[in-house]
Amino acid sequence: MTETPEVRRVQSDSPWEEQFGFARAVGAGDSVHVAGTMPFVGTVLYGEGDPYEQAKVAFTNALAALGEFGLDAGSVVRVRIYLTHTRDVDEVGRAHKEFFDAARPATTMVVVSGFVDPRVLVEVELEAFRASRGA
């Protein structure tokens, strides 16, 4: 994988990263972008049928990727949340508030037709800002 002083890529234990050729998170300058993150640890789905638990695991996984850059929820400036059912908005929103209430990032919640695994109810993306200090 090509790295430059301005760009750093971080992998996780997601099998799709290797299969599809992407990084869990990419730091470029003052920004860190975390790819769509589902409620899996390796190949194990957590919170099957429970949107709140799935959201908590997805946020935990996404924030772990940010941690590789020395960042946390307070550095998050944008969250994108994808759901498969409008009925899950309140439960996923509750999980979001637990992680980001103090930070208050710009957040979008969108209902989609589905994910690569039909058991998944929620997927999240994060964007974070860090002070200029290299990648």
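Which residue forms a salt bridge with Asp 101, and how far apart are the closest N and O atoms?

Analyst: Asp 101 pairs up with Arg 104, and their closest N and O atoms are 2.7 Å apart. A quick note before going on: this is a predicted model, where local features need pLDDT of at least 70 and side-chain atom pairs count only at pLDDT 80 or more, while totals for chains, interfaces and linings use all residues. Residues are numbered from 1 along each chain as its sequence is written, and side-chain values use heavy atoms, leaving out hydrogens and water.

What counts as a salt bridge here is a side-chain nitrogen of Lys or Arg within 4 Å of a carboxyl oxygen of Asp or Glu. The idea behind the rule is that side chains of opposite charge can pair when their charged atoms come close. As for the two partners, Asp 101 is partly exposed at 33% relative accessibility, whereas Arg 104 is exposed at 61%. (Buried means under 20% relative accessible area, exposed means over 50%, and partly exposed is in between, using a 1.4 Å probe and protein chains only.) Shared partners also tie Glu 48, Asp 117 and Arg 119 together into one salt-bridge network.

Two others sit inside helices. (Helices are DSSP runs of H or I with at least four residues, strands are runs of E with at least two, and both are numbered from the N terminus.) In helix α3 (residues 89-100), Arg 94 and Glu 91 are three residues apart, so about one helical turn separates them. Their side chains meet at 2.7 Å, N to O. Arg 94 is partly exposed at 37%, and Glu 91 is partly exposed too, at 31%. Helix α2 (residues 51-67) holds Glu 53 and Lys 56, again three residues and about one turn apart. Their closest N and O atoms are 3.5 Å apart. Glu 53 is partly exposed at 30%, and Lys 56 is partly exposed at 24%.

Now put those helices together. Two packed helices are described by the angle between their axes and the distance between the axes. For α2 and α3, that's an angle of about 35°, with axes 8 Å apart. Contact, by the way, means heavy atoms within 4.5 Å.

For a contrast, look at Val 76 in strand β6 (residues 76-83). Val 76 counts as buried because its relative accessible area is 3%. Leaving aside neighbours within four places in sequence, Val 76 touches residues including Leu 63, Phe 100 and Ala 128. Ala 128 is 52 residues away along the chain, yet the C-alpha atoms of Val 76 and Ala 128 are separated by 4.1 Å.

Zooming out, the chain has three helices and eight strands. Of its 135 residues, 39% are buried.

Terms used. Axes fitted to C-alpha atoms, helices over the stretch in contact; angles between N-to-C directions.
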